[in-house]
Amino acid sequence: MTDILLYDLIRGHLLKLSVYAFFIGIAYRFFRVLFLGLPPDYAPPKGKPILKAIEKVLLKPSQAWRFFLEVFAHRGIQYVGGFLFHLGFLGLTFFVPQHAFLWGDILGFEPPYLPQVVADILAYSALGSLFALTVHRIFNPVLRLLTGKDEYLANFLIGLVLFSGLLATRWAGGAYYLWMLNVHMLSACVLILYIPFSRLSHFVYYFMSVFFYGRNVGKRGVSF
């Protein structure tokens, strides 16, 4: 199979299959947890649970700086690295020029995108942060105990997507460009397929967990 035929296969059928499987898997995980419900609680609330839950969802992003200062001295690598990684990965996924054409095909219109120099900074930032977080996970005795094969496989797939994307964009030329682009797209499809079956799907529960945390805080009548 030539590189062009492989590109058409990945860009067409394999990408569609990955995206469909991603949304079906993510929807299943979300509603599965949602329909579990909560056990009956007979203790009368001391505060206003629902009001506190809504307040927590709305205000938590603006309070990140306070949380950051409190934990920075003890878990700086995790928070700085985690922030840079998420910022870079999400920015690269949705707002780089090379992906704008892809989103244009999916959404029917081409979304705005960042200048190439900003995309490069995000790529190097995300890749460097991922490497630092992985090394920290390996050598930190507590994190090492909490880490399984899932985390290492996820980090490898994400690193392969970022690295091959950088090579295809900035370094590979001539006949190697299409080959590297195929590696980038194929690894991205595998990652999209893998997300619903791994802990990478934690983003599905973000607002749900924040809501229930705020609800419990309100029930106890304390502040956060």
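Contact means heavy atoms within 4.5 Å. The model is predicted, so local features need pLDDT of at least 70 and side-chain atom pairs count only at pLDDT 80 or more, while totals for chains, interfaces and linings use all residues. Residues are numbered from 1 along each chain as its sequence is written, and side-chain values use heavy atoms, with hydrogens and water left out.

**Exercise 1.** Determine which residues leucine 191 touches, leaving aside those up to four places away in sequence.

*Solution.* Leucine 191 touches Phe89, Leu157, Ile158, Val161 and Leu200. Next, consider the helices (DSSP runs of H or I, at least four residues, numbered from the N terminus). Leu191 of H8 belongs to the residues that meet H7, where Leu157, Ile158 and Val161 are among the partners.

**Exercise 2.** Describe how H7 and H8 are arranged.

*Solution.* The axes, lines fitted to C-alpha atoms over the stretch in contact, are compared by N-to-C direction on a scale from 0 to 180 degrees. Those of H7 and H8 come within 8 Å and cross at roughly 150°. Angles over 145 degrees count as roughly antiparallel, and H7 and H8 are therefore roughly antiparallel to each other.

**Exercise 3.** Classify the ring pair of phenylalanine 94 and phenylalanine 95.

*Solution.* Rings pair if their centres lie within 6.5 Å; planes under 30 degrees apart count as stacked, over 60 as edge-to-face and the rest as tilted. Here the centres are 6.3 Å apart and the planes lie at 55°, so the pair is tilted.

How values were computed: Phe/Tyr/Trp six-rings, centres within 6.5 Å; stacked < 30°, edge-to-face > 60°. Helix = DSSP H or I, 4+ residues; strand = E, 2+ residues; numbered from the N terminus. Parallel < 35°, antiparallel > 145°, perpendicular 65-115°, else oblique.
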